[in-house]
Amino acid sequence: MIGSEIVYFVKRSFSGRYLSGFLLGLIVVLLHVVFAVGFLRMQIGEFKNSPEAFCPYYKWIMADTFWSLIFSLMIPFMAALGNSQMTYDDANSGFIMHVLQKKGKIGYVLGSLTSVYAVTFIETVLVLAADVMFVFLLLPNILPDQVLNSGEGYSRLFTYHVEWMYSKPFKLILFYIVLSGCAAGLFGMLTAVCGLYFSNRFTVMFSGFIIGLIFFVLANQQIVNLPSFLLVLPVMSQMYLPSLGCLAAFYLVCVALLFVFQIVGVRKHASI
């Protein structure tokens, strides 16, 4: 059954060497909490008449213009340093033949990619949840005000579900946490697939980042204008957002292509 294949790969994910991506995410969050949120915390007494300046809904990592870009660019590395390394390790050690004998080609493809996606998604969600927790612990729990916070410049052109900012702000945070988790899962799958095609570990590690940068550039010009999964993650995007429907369709196409390339890669190693 497919469930047993997924469980098998998830259990392998708890190896210490596959937790590096999760630790990298926690380090970025720690830096954000110390140098951005901590600095704001020290200024609260100086701006008692402007409490809206410390609204935590604008200060968590994906709502901060600078730190959201840093975290977005780190997502491909977080994904590459996680359990997505398993396929590379299997392919280059020959262990993949042992797993294929036990699980079969389809079991390996579905089990490896599904577990990589699920674990990378969960790790990213936990990291961002930790950041939100610290932000709300350190800053006063002030709700966004459409008048007082009008200078933040939020618009439906750059923020999905911008109307939630003033009616359901925590729901907006949850949406962007899940969106970041989905992007991380996709980059994890990309790294896992590349692990079957490249023998150089650094090439595999940087593959997601390089492809992410390519889409980063294409999203800012008018010839191809493909969505960038890195640029849509900040709450205040630096580009005009594609519709959620267009983004979801492009996302599913990418997932389908990764499964196809994974099948081809597994068959290649099975025939060696």
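Figure 1. The chain exposes about 12900 Å², of which carbon and sulfur atoms supply 71%, and the model shown here is a predicted one. Buried residues account for 49% of the 272 residues. The C-alpha trace spans about 70 × 40 × 35 Å along its principal axes, while the radius of gyration of 20 Å agrees with the value near 19 Å that a compact globule of 272 residues would have.

**Figure 2. Helices of the chain, with a close-up of helix H7.** The chain holds nine helices and zero strands, and among contacts between residues at least 6 apart in sequence, 78% join residues at least 24 apart. Because 21 of its 26 residues are buried, H7 is largely enclosed by the rest of the structure.

**Figure 3. Surroundings of Tyr-18.** Tyr-18 sits in the loop between helix H1 (2–12) and helix H2 (20–43), and Tyr-18 is buried, since its relative accessible area of 6% falls under the 20% cut-off. Beyond its neighbours within four places in sequence, Tyr-18 is in contact with residues including Arg-12, Leu-81, Met-86 and Glu-123. Tyr-18 and Ala-79, although 61 residues apart in sequence, are 9.8 Å apart in space, C-alpha to C-alpha.

**Figure 4. A nonpolar surface patch that includes Val-260.** Tyr-197, Phe-198, Val-253, Leu-257, Val-260, Phe-261 and Val-264 make a nonpolar surface patch of about 620 Å². Among them, Val-260 belongs to helix H9 (residues 244–270) and is partly exposed, with a relative accessible area of 47%.

How values were computed:
Residues numbered from 1 in each chain as written. Predicted model: local features only at pLDDT ≥ 70, side-chain atom pairs only at ≥ 80, totals over all residues. Heavy atoms only, no water. Patch = residues over 30% accessible without salt bridge, like charges linked within 9 Å, V, L, I, M, F, W, Y side chains within 5 Å. Areas by Shrake-Rupley, 256 points an atom, 1.4 Å probe, with all protein chains shown as cover. Salt bridge = Lys/Arg side-chain N within 4 Å of Asp/Glu carboxyl O. Helix = DSSP H or I, 4+ residues; strand = E, 2+ residues; numbered from the N terminus. Buried < 20%, exposed > 50% of the residue type's maximum accessible area, 1.4 Å probe, protein only. Contact = heavy atoms within 4.5 Å. Rg over C-alpha atoms; globule rule 2.2 N^0.38 Å.
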